[in-house]
Amino acid sequence: MTRELLTDKELDAFRAIRNSILHKGRAPLVRELMKELKYSSPRSVSYILEKLEEKGFISRPGRGQ
């Protein structure tokens, strides 16, 4: 798995996830991330999370590991 460069949207999501972990001690829920990124659909966030996982920047438990 090679780590590809992130798009601007992926980078924004990654930073929001990192900040939530640092400040709250946990990753944000999809709806929390949706609100933080000002998206109108949870599917948009899910798509970005899938891309971050494919690129090796995050891992999500219970996703086929």
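Five salt bridges turn up in this structure, a salt bridge being a side-chain nitrogen of Lys or Arg within 4 Å of a carboxyl oxygen of Asp or Glu. The model is a predicted one, where local features need pLDDT of at least 70, side-chain atom pairs count only at pLDDT 80 or more, and totals for chains, interfaces and linings use all residues. Residues are numbered from 1 along each chain as its sequence is written, and side-chain values use heavy atoms, with hydrogens and water left out.

As for the general idea, side chains of opposite charge can pair when their charged atoms come close. One of the pairs here joins Glu10 and Lys55, with 2.7 Å from N to O. This pair links distant parts of the chain, 45 residues apart: Glu10 sits in helix H1 (residues 8-24), while Lys55 is in the segment after helix H3 (42-54). Helices (H or I, at least four residues) and strands (E, at least two) are DSSP runs, numbered from the N terminus. Glu10 is buried, at 6% relative accessible area, and Lys55 is buried too, at 11%. Here, buried means under 20% relative accessible area, exposed means over 50%, and partly exposed is in between (1.4 Å probe, protein chains only).

Another salt bridge brings Glu54 and Lys51 together at 3.4 Å, N to O. Both residues belong to helix H3 and are three residues apart, which is about one turn of the helix. Glu54 is exposed, with 52% relative accessible area, whereas Lys51 comes out as partly exposed at 24%. Arg60 and Glu53 also form a salt bridge, again with 3.4 Å from N to O, and both of these residues are buried.

Then there is the greasy side of things. A nonpolar core is a set of buried Ala, Val, Leu, Ile, Met, Phe, Trp, Tyr and Cys residues joined through side-chain atoms within 4.5 Å. The largest one has 11 residues, among them Ala13, Leu33, Leu49 and Ile58. H1, helix H2 (30-37) and H3 are the elements that each give two or more residues to this core, and H3 gives the most, with four. Leaving out residues up to four places away in sequence, Ile58 touches Phe14, Leu49, Leu52 and Glu53, where contact means heavy atoms within 4.5 Å.

Most residues other than glycine have a negative phi. Lys38 lies in the loop between H2 and H3 and is exposed, with a relative accessible area of 74%.
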